[in-house]
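This report is written for a reader new to the structure shown here. Please look over the sequence and the model before reading on.

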Amino acid sequence: MHGPVLSGWLLVALCGATGAYCLLRTRDGTPRERASARAEALMGFGMAAMAVPAAVAPPPGWLWAVYVALFGAAALHAAARTGAGGHHLHHLIGSLSMVYMALAMAPGTAHGAASAHAGHAAGASGSAGGVPVLTGLLLLYYALYVLRSAGRLVPVGVAAGAGGGAVRGTGWGDRPELALACRLAMGTAMFAMLLTL
């Protein structure tokens, strides 16, 4: 990620912790919930790796191709399952967003070259990575997703705290408010990463 170093490390910590929690969720729940948790864990760890500040640890040039291949495959998997409902459409958009960011930050692109030589965010020099209209649409999508997730989190947390029966058990996957908080954190991180594009 090309941006302030502290922001990059905070995103690495947030996305890594979120990915780890999602990985724990793969042990509990229905097959659909476990599949969703696996997709979210992949997204969390992928975002954590992509958020490592380029000024501290410049990624090798081939890494962007790995991101494109990995999240391209995840997008195809999500697209095949979109008709099944659930979060598959969101997983599809998230995977395609990761492919888009990897392509925009890859060496040889205008943004990748400018950031490598300037050593700071592209926004500071007035240039933008990727296609501005597409970046803007993705920012709008994630802003709305974050607001919607936050709105859904409050009633679930209140019901769980009041003994309203929202908590099904004691396993990691049995806490709906934590799963919603995980999605909220990843949506916020994706929004922040798109801002630095």
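In what order do the elements of the protein run from the N terminus on? They run α-α-α-α-α-α-α-α.

## Overall make-up

The model is predicted. The protein has eight helices and zero strands. Of its 197 residues, 40% are buried.

Contacts between residues at least 6 apart in sequence were also sorted by separation: 74% of them join residues at least 24 apart.

## Helices α3 and α4

Two packed helices are described by the angle between their axes and the distance between the axes. Helix α3 covers residues 63–81 and helix α4 covers residues 88–105; their axes come within 8 Å and cross at roughly 160°. Angles over 145 degrees count as roughly antiparallel, and α3 and α4 are therefore roughly antiparallel to each other. The crossing of α3 past α4 is left-handed.

On the α3 side, the residues making the contact include Trp64, Tyr67, Val68, Phe71 and Gly72. On the α4 side, His88, His91, Leu92, Ser95 and Leu96 are among them. By class, the residues of this contact divide into 15 nonpolar, four polar and one charged.

## Cysteines

The disulfide count comes to zero. Cys15 is in no disulfide, and the nearest cysteine sulfur, that of Cys182, lies 9.8 Å away. A disulfide would need the two sulfur atoms within 2.5 Å.

Is Cys15 buried or exposed? Cys15 counts as buried because its relative accessibility is 1%, and the cut-off for buried is under 20%. Cys22, at 0% relative accessibility, counts as buried too.

Note on methods: Residues are numbered from 1 along each chain as its sequence is written. This is a predicted model: local features need pLDDT of at least 70, side-chain atom pairs count only at pLDDT 80 or more; totals for chains, interfaces and linings use all residues. Side-chain values use heavy atoms; hydrogens and water are left out. Axes are lines fitted to C-alpha atoms, for helices over the stretch in contact, and angles run from 0 to 180 degrees between N-to-C directions. Helices (H or I, at least four residues) and strands (E, at least two) are DSSP runs, numbered from the N terminus. Angles under 35 degrees count as roughly parallel, over 145 as roughly antiparallel, 65 to 115 as roughly perpendicular and the rest as oblique. A crossing is left-handed if the near helix is turned anticlockwise from the far one by less than a right angle, and right-handed if clockwise. Contact means heavy atoms within 4.5 Å. Ala, Val, Leu, Ile, Met, Phe, Trp, Tyr, Cys and Pro count as nonpolar, Asp, Glu, Lys and Arg as charged, and the others, Gly among them, as polar. Buried means under 20% relative accessible area, exposed over 50%, partly exposed in between (1.4 Å probe, protein chains only).
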